[in-house]
Amino acid sequence: IEFPNYEPEELLSIAKVMCRDLEYEMSVDAEPIFFEYIKKRMTMPYFSNARTVRNAVDRARMRAAIRLFSKAFDQSSDGMVSK
């Protein structure tokens, strides 16, 4: 069974919904960057539509968590993390 690929605009919308469902917000500045990333990934082997988007959102979420953790435990930090 073959399914047609989503368009890049549709995949960006899917990513924004995934972020919202995870209680994250994709910034307006991040949207064109993510859009270009999706367009590039669509030309590469093993592109898998929404699964590729899910993997990218998961990686971004993990990197954000690592940044927050590192910031909270930095020697100059008081342990509090804010936006």
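Q: What does "buried" mean when we talk about a residue in this predicted model?

A: Buried means under 20% relative accessible area, while exposed means over 50% and partly exposed is in between.

Q: So why is threonine 52 called buried?

A: Its relative accessibility is 3%. The cut-off is under 20%, so threonine 52 counts as buried. You'll find threonine 52 in helix 3.

Q: What does threonine 52 touch, leaving out residues up to four places away in sequence?

A: Arg41, Tyr46 and Phe47. There's also a polar atom of the threonine 52 side chain lying 2.9 Å from the backbone nitrogen of serine 48.

Q: What makes tyrosine 46 count as buried or exposed?

A: Tyrosine 46 has 77% relative accessibility. Exposed means over 50%, so tyrosine 46 counts as exposed. Look for tyrosine 46 in the loop between helix 2 and helix 3. Its phi is near 65°, a positive value in a residue other than glycine.

Q: And how do you know whether asparagine 49 is buried or exposed?

A: Asparagine 49 has a relative accessible area of 13%. The limit is under 20%, so asparagine 49 is buried. Asparagine 49 is in the loop between helix 2 and helix 3, and its phi is positive too, near 50°.

Q: Why is asparagine 5 called partly exposed?

A: Its relative accessible area is 47%. Buried needs under 20% and exposed needs over 50%, so asparagine 5 ends up in between and is partly exposed. Asparagine 5 is placed in the segment before helix 1, which covers 8–21.

Q: What makes the link between the side chains of asparagine 5 and asparagine 49 a polar contact?

A: The distance is 3.0 Å. Not counting residues up to four places away in sequence, asparagine 5 touches Met42, Phe47 and Asn49.

Q: How far is the C-alpha atom of asparagine 5 from that of methionine 26?

A: They're separated by 23 Å, and the two residues are 21 apart along the chain.

Q: Which residues of helix 1 are buried, and why do we say they line one face?

A: The buried ones are Pro8, Leu11, Leu12, Ala15, Met18 and Cys19. Seen down the axis of helix 1, they fall within an arc of 120°, so they line one face of the helix. An α-helix has 3.6 residues a turn, so residues three or four places apart point the same way. The face turned away from the buried side of helix 1 carries the exposed residues Arg20 and Asp21. As for what covers the buried residues of helix 1, that includes helix 2 (30–42) and helix 3 (50–72).

Q: What comes after helix 1?

A: Glutamate 23 follows, with a positive phi near 65°.

Q: What makes us say that the buried residues of helix 2 line one face?

A: Those residues are Glu31, Phe34, Phe35, Ile38 and Arg41. Viewed down the axis of helix 2, they fall within an arc of 130°, so they line one face of the helix. The exposed residues Ile33 and Lys40 sit on the face turned away from the buried side. Helix 1 and helix 3 are among what covers the buried residues of helix 2.

Q: What makes the pair of glutamate 31 and lysine 16 a polar contact?

A: Their side chains are 3.5 Å apart. The cut-off is within 3.5 Å, so the pair counts as a polar contact. Leaving aside neighbours within four places in sequence, glutamate 31 is in contact with Leu12, Lys16 and Met26.

Q: How much space lies in the largest pocket, and what lines it?

A: About 750 Å³. Of the 20 lining residues, the closest to the centre are Tyr24, Ala60, Arg61, Ala64 and Arg67. Helix 2 and helix 3 are the elements that give two or more residues to the lining. Helix 3 gives the largest share, nine residues.

Note on methods. Residues are numbered from 1 along each chain as its sequence is written. This is a predicted model: local features need pLDDT of at least 70, side-chain atom pairs count only at pLDDT 80 or more; totals for chains, interfaces and linings use all residues. Side-chain values use heavy atoms; hydrogens and water are left out. Helices (H or I, at least four residues) and strands (E, at least two) are DSSP runs, numbered from the N terminus. Buried means under 20% relative accessible area, exposed over 50%, partly exposed in between (1.4 Å probe, protein chains only). Contact means heavy atoms within 4.5 Å. A polar contact is a pair of N or O atoms within 3.5 Å; within protein, one must be able to donate a hydrogen and the other to accept it, and residues adjacent in sequence count only if both atoms are side-chain atoms. The arc is that of the directions from the helix axis to the C-beta atoms. On a 1 Å grid over the protein atoms alone, a cavity is a set of points where a 1.4 Å probe fits but cannot get out, and a pocket is an open set with protein on both sides within 12 Å along at least five of seven lines; lining residues have an atom within 4 Å of a point. Grid points are joined across faces, edges and corners, and a volume is the space filled by probe spheres set on the points.
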